[in-house]
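Welcome! Have a look at the model below, then work through the exercises one at a time, checking each solution as you go.

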Protein chains: 4
Amino acid sequence: MKNTFGNNISVTLFGESHGEAIGAVIDGLPAGVEINEAFISHQLDLRKPTGKISTPRREKDEYKFLSGVFNGKTTGTPVCVVIPNENTQSKDYSASYGKARPGHADFTAFSKYNGCEDYRGGGHFSGRITAPLVVAGAVCIGLLKKKNILIGTHIKRCASVDDAPFSEYINDIESLSEKSFAVLDDEKGAAMISNIEAAAAVGDSVGGILETAVVGLPVGVGEPWFDSLESMLSHGLFSIPAIKGVEFGAGFSCADMTGSVMNDSFFYENGAVVTKTNNNGGINGGITNGMPVVFSCAVKPTPSISKEQNTIDFINKENTVISVKGRHDPCIVHRVRVVVDSITAISLCDMLSQKFGTDWLGE
Amino acid sequence: MKNTFGNNISVTLFGESHGEAIGAVIDGLPAGVEINEAFISHQLDLRKPTGKISTPRREKDEYKFLSGVFNGKTTGTPVCVVIPNENTQSKDYSASYGKARPGHADFTAFSKYNGCEDYRGGGHFSGRITAPLVVAGAVCIGLLKKKNILIGTHIKRCASVDDAPFSEYINDIESLSEKSFAVLDDEKGAAMISNIEAAAAVGDSVGGILETAVVGLPVGVGEPWFDSLESMLSHGLFSIPAIKGVEFGAGFSCADMTGSVMNDSFFYENGAVVTKTNNNGGINGGITNGMPVVFSCAVKPTPSISKEQNTIDFINKENTVISVKGRHDPCIVHRVRVVVDSITAISLCDMLSQKFGTDWLGE
Amino acid sequence: MKNTFGNNISVTLFGESHGEAIGAVIDGLPAGVEINEAFISHQLDLRKPTGKISTPRREKDEYKFLSGVFNGKTTGTPVCVVIPNENTQSKDYSASYGKARPGHADFTAFSKYNGCEDYRGGGHFSGRITAPLVVAGAVCIGLLKKKNILIGTHIKRCASVDDAPFSEYINDIESLSEKSFAVLDDEKGAAMISNIEAAAAVGDSVGGILETAVVGLPVGVGEPWFDSLESMLSHGLFSIPAIKGVEFGAGFSCADMTGSVMNDSFFYENGAVVTKTNNNGGINGGITNGMPVVFSCAVKPTPSISKEQNTIDFINKENTVISVKGRHDPCIVHRVRVVVDSITAISLCDMLSQKFGTDWLGE
Amino acid sequence: MKNTFGNNISVTLFGESHGEAIGAVIDGLPAGVEINEAFISHQLDLRKPTGKISTPRREKDEYKFLSGVFNGKTTGTPVCVVIPNENTQSKDYSASYGKARPGHADFTAFSKYNGCEDYRGGGHFSGRITAPLVVAGAVCIGLLKKKNILIGTHIKRCASVDDAPFSEYINDIESLSEKSFAVLDDEKGAAMISNIEAAAAVGDSVGGILETAVVGLPVGVGEPWFDSLESMLSHGLFSIPAIKGVEFGAGFSCADMTGSVMNDSFFYENGAVVTKTNNNGGINGGITNGMPVVFSCAVKPTPSISKEQNTIDFINKENTVISVKGRHDPCIVHRVRVVVDSITAISLCDMLSQKFGTDWLGE
């Protein structure tokens, strides 16, 4: 289903960076969900470029619901949200058509679509298409909050600087939702930004790692095998441009552990089942065990850099060089954060509604 | 779709470790595909426990096609393959029901299925259920070979020992398919095995990392957003028990790169588009760029260990200790290898048939 | 998904008439559902050929659960049911390969599968493949009964004889479930059987119409547009071999009605919303309105007849004649009945679990 | 997937009759398909109300592509088409909220969506939502034409008048595509219109039957069981509001045939396989046999009539009467025609692309 994600609750993305508009159709939401416009705007703001470390392109991101919302509430029928493209400078891009920007989908899109792709600004492959995902995610985050399920993501590592680790999940998560550069330790954040600016100064970019915690999920969410929680979440997460790795709990570091260290021993604590370590990221056999679900995503450095790079001109079929002008971010890790939260929320709502029903999700 | 994976070509898994049989239904295969029984057996053997570093449980893994195969070829209608469970020792497990083996799905399955799960030997969550996946994968690997698309996986790291890296992909891959402990450097393999045996000697287990390369894929396979090649492959890979991380190309190490390093510059070389580095793992924008598709999977140490661990008894609702007796592997990394190859092949056949048609895939 | 039906609850069919076995994988059932073997056998008996008006082929239809059932209850993981093929007389068919039986899938299967189809006894297209559907349906009928949702189907018309109409739904339905030749008026049934025997005597066959009522469904089941109750039910019903028409409520006769007659006026009656007529078959806008859901299916006369027919030999590419020997039914309308009930139950359980959750369905 | 139809090629519908806009997202179209705006407008015109026998509501139906079209061709990424709602008179409806219009979804939508539905003008259940389906269908009809696959539908029966039957398929179909009131015999059409006007004069409405033929389909399209051509087409057709019956070939009249009459004998004629009768509607075993695919749809009389009807007020929970004022059609059979053609084309493109690949479909 290419551009559609989810089963009971699904999101279909459409749009190109410099086309008429971008948007999403969200189907399967319960009826009567209040649309919190302030929260949606807050979330969109988190995705927006800000400050020196972001592209000077400033979209208003004025979203509009074309359907599925009536009297401020969801109707239960498909919600179509569109965000018009206003501040487009297509001339930035059209002249350079054929010059594949390294790390981008220019060449693969040209090959796949036989030269019919809308190449302007990355077209359908632009990170801008994540904006309607954030709107859909904001609605789903709201649904989860009513069930006391909270999602929080921090910049675990960026530009070679580590953030402080999650300590007590719930407090950490509360503080993160307000920050545009989501770190647990603001000094570490300042160091990261300083390094980002240094990379920007030489026309380069940096990457990082986002770490997410979901607290409050009931035990028993997720399915064996192909709808394991890891499978469903990673499916969504890897659809975010720039994500090149996803790991749950200890992730790749489990390769160097022994079983006796990796296994999270269970205990009854005040009647509840808990583990003291959480190397499995709150998931056993693809199903939540009641501990926080924790995962990390690797975000590659922004491929658009002004530094000169070797590349091909696939129209003239020759080797050439490119210096990506236009307006770009030296780092997108902090902006990707809210997209990770959004797709996590959509996927969890989908899985919860399968177990408990769409009606329950709206209660 | 819980236990079903794939769209045009789909695999549905069923079975429990100690039930009557395990199996899979494979739908959407082209008609007329010759069933190579020797190759299927070879692949099943790769999954089987062997030597001192594996469980003494020896299943014959005698598979039988109940449907979809006629005169040695696929009919084009659903192929059901079953593998009877013969060498089951249910008494190993039934006495300890309620004692959650740490790192296993015992507690989550109990919670999800309200105590109705078949708990014997891990039931539906047993790694044994991957055997029919390997049969399905063997058929798909055969289809890909006819298109000169080859898949190879080596043990990149195990028990804290690194294998040699992939050098020239095609040669490496050819040699791997014959090895039951798939390393590129056999000395490193011997060191790994030695470390595995050391862990086994103290009743513990180890994990590792598998690295896979797919060569020969045409440019343009994969879809934007939710059917990106990364999304589809990770969805399948994370359904394999014990996989806790998946990364493409440079993966998590991209977090410490700059864009100018991470971006894989394009070149025309003898008329073909190539990149000199392959940090993006052969995928730009979710779509193959013609370079080998490369990814790694983190495999956690086998959770079943004889060392005593703290845990709960969820029937009697009390804390207790457990020493997992039964028959277990101190390492499953080498056995998971063929499962990774299998699910990769299934997913690629599915995506190729979408683009080129089911008929083409069978040609 | 070719041979898979359903979303939250899905059934995947496999098998060929004269292969090793036929079967189904049922995924998404709640855990803890008691398997009522007597009821499953009763339902399978309704599908079996009986008496002079049926084929002398007598399958024992001994089903076996390979997975998903433990201690007599569903585990919540996929249920695989298989029915071995025992009483196969492949020699009946193999000699005549190439001679397309008119009204059968011989020629289309040959064309679609390039001559690789298992042609024996109709292969995967045999009506026999509905037997595992009946097992799946029996489980779902049981789930619905616990919610006081009842399904009943009678032979509305057969061999040019009309049955009495449904009068009071619930009583009618109760009486039907016990009958192997399900008519409301047994005298009409006797007349039908007499006509069937007359057709059989001259080597011919007859068709008919089945009418189904579902009572007890809550208001609000079904979705707008593509998951309308009509869409979902007809999708399943038209997968039954021999079904050539499906109509809801007044169906085709609505073509001759005026709106004022067709519209079912609403009334409050003892606090409940009812309609006096039910021309819309209990469905408005694709969604149940609380009245019985009523639909009819046209069942074509059995295509296998001993009368000589013109046809082609698609191997030798020449015109020829055929007289279908083997073992066949002069009428299958009464046997199709339980298949209609089964697929209706599966589809309703799927839609109910979407709305109320899988957990609810199992309560 | 509620409001999404199709697998490889899918259409997602959104919108409410009196909301901001209605639209569709069409995913999976090949790249490079020329958008024939004149043909799209022609098809939309066929759906529009015209003359005395239609509602005076005159929408411009000015569609706009928000995405997926670039330089007049499809890009291969999702096409979003929107049609703004301009000529809405919401006051017609709001005052009467709670009074369920008989035959409409007012009561079922209210029940399903807990009173949160956009009730204005039927909301998401309005026949108006079929307009973007017609746009999607126009693109798919164009794809099929390039493969010499033609779809034609005539009004087989309306207001108790029969049209002439299909005679030679191809000629009939060519003539139909130009007519806004698609009959084969214009005198019969005039009689139908006269009867429609008579019904309108007394504030009532009429229904009818549409018969569709698809010529040029290759042999072998359709799948066994749940993706039978009948299953897939009926799924789509029953999603059209007002369709209450679907039959293939002889359909319900097969109930009165014998097998020897119903079976369509095969012949070689000039090297091609043909049948002389086509009672199976060009489909054996769910798969095309090369003969025209023929089916009929029953269209119920427009439920909106000005005649006074009994009904309920579900807000005040009392019995009442209603006379539907507003702007309505005494007959919609002729307008539904192009919707039937559209959904047929979408479904066929989906099934063809599965067999032959998306790339082939665009050639």
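**Exercise 1. Find which residues of α1(C) and α9(C) meet, and describe how these helices cross.**

Solution. Begin with the residues: C:Gln43, C:Leu46 and C:Arg47 of α1(C) meet C:Arg335, C:Arg337, C:Val338 and C:Val339 of α9(C). Here contact means that the C-beta atoms of two residues, placed from the backbone, lie within 7 Å. Sorted by class, this contact has three nonpolar, one polar and three charged residues. (Ala, Val, Leu, Ile, Met, Phe, Trp, Tyr, Cys and Pro count as nonpolar, Asp, Glu, Lys and Arg as charged, and the others, Gly among them, as polar.)

A word on the source: this is a predicted model, in which local features need pLDDT of at least 70 and side-chain atom pairs count only at pLDDT 80 or more, while totals for chains, interfaces and linings use all residues. Residues are numbered from 1 along each chain as its sequence is written, and chains are lettered from A and ligands numbered from 1 in the order in which they are written.

Next, the geometry: the axes of α1 (residues 37-47) and α9 (residues 333-356) of chain C come within 7 Å and cross at roughly 140°. That makes α1(C) oblique to α9(C). Axes are lines fitted to C-alpha atoms, for helices over the stretch in contact, and angles run from 0 to 180 degrees between N-to-C directions. Angles under 35 degrees count as roughly parallel, over 145 as roughly antiparallel, 65 to 115 as roughly perpendicular and the rest as oblique.

**Exercise 2. Describe the packing of α1(D) and α9(D).**

Solution. In chain D, these helices pack at an angle of about 140°, with axes 7 Å apart. α1(D) and α9(D) are therefore oblique to each other. From α1(D), the contact uses D:Gln43, D:Leu46 and D:Arg47, and from α9(D) it uses D:Arg335, D:Arg337, D:Val338 and D:Val339.

**Exercise 3. How many helices and strands does chain A have, and what does its radius of gyration agree with?**

Solution. Count the elements: chain A has ten helices and 18 strands. Helices (H or I, at least four residues) and strands (E, at least two) are DSSP runs, numbered from the N terminus. For 363 residues, a compact globule would have a radius of gyration near 21 Å, and chain A agrees, with 21 Å. (This radius is taken over C-alpha atoms, and the globule rule is 2.2 Å times the number of residues to the power 0.38.) The C-alpha trace of chain A spans about 65 × 50 × 35 Å along its principal axes.

**Exercise 4. Examine the hairpin of β17(A) and β18(A).**

Solution. First the pairing: β17 (residues 309-313) and β18 (residues 318-322) of chain A are antiparallel, with five bridges. Two strands pair if DSSP finds at least two bridges between them. One bridge sets A:Asp313 against A:Glu318. Then the turn: four residues lie between the strands, and A:Lys317 there has a positive phi of about 50°.

**Exercise 5. Trace the sheet that holds strands of chains A and B.**

Solution. Follow the order β9(A)-β8(A)-β10(A)-β16(A)-β11(A)-β11(B)-β16(B)-β10(B)-β8(B)-β9(B), an open sheet of ten strands with antiparallel pairing. Its edge strands are β9 (161-162) of chain A and β9 (161-162) of chain B, each pairing on one side only. Where the chains join, β11 (residues 243-248) of chain A and β11 (residues 243-248) of chain B pair over three bridges. Here A:Gly245 is opposite B:Glu247.

α9(B) lies across β8 (150-158), β10 (208-215) and β16 of chain B, at about 145° to β8(B).
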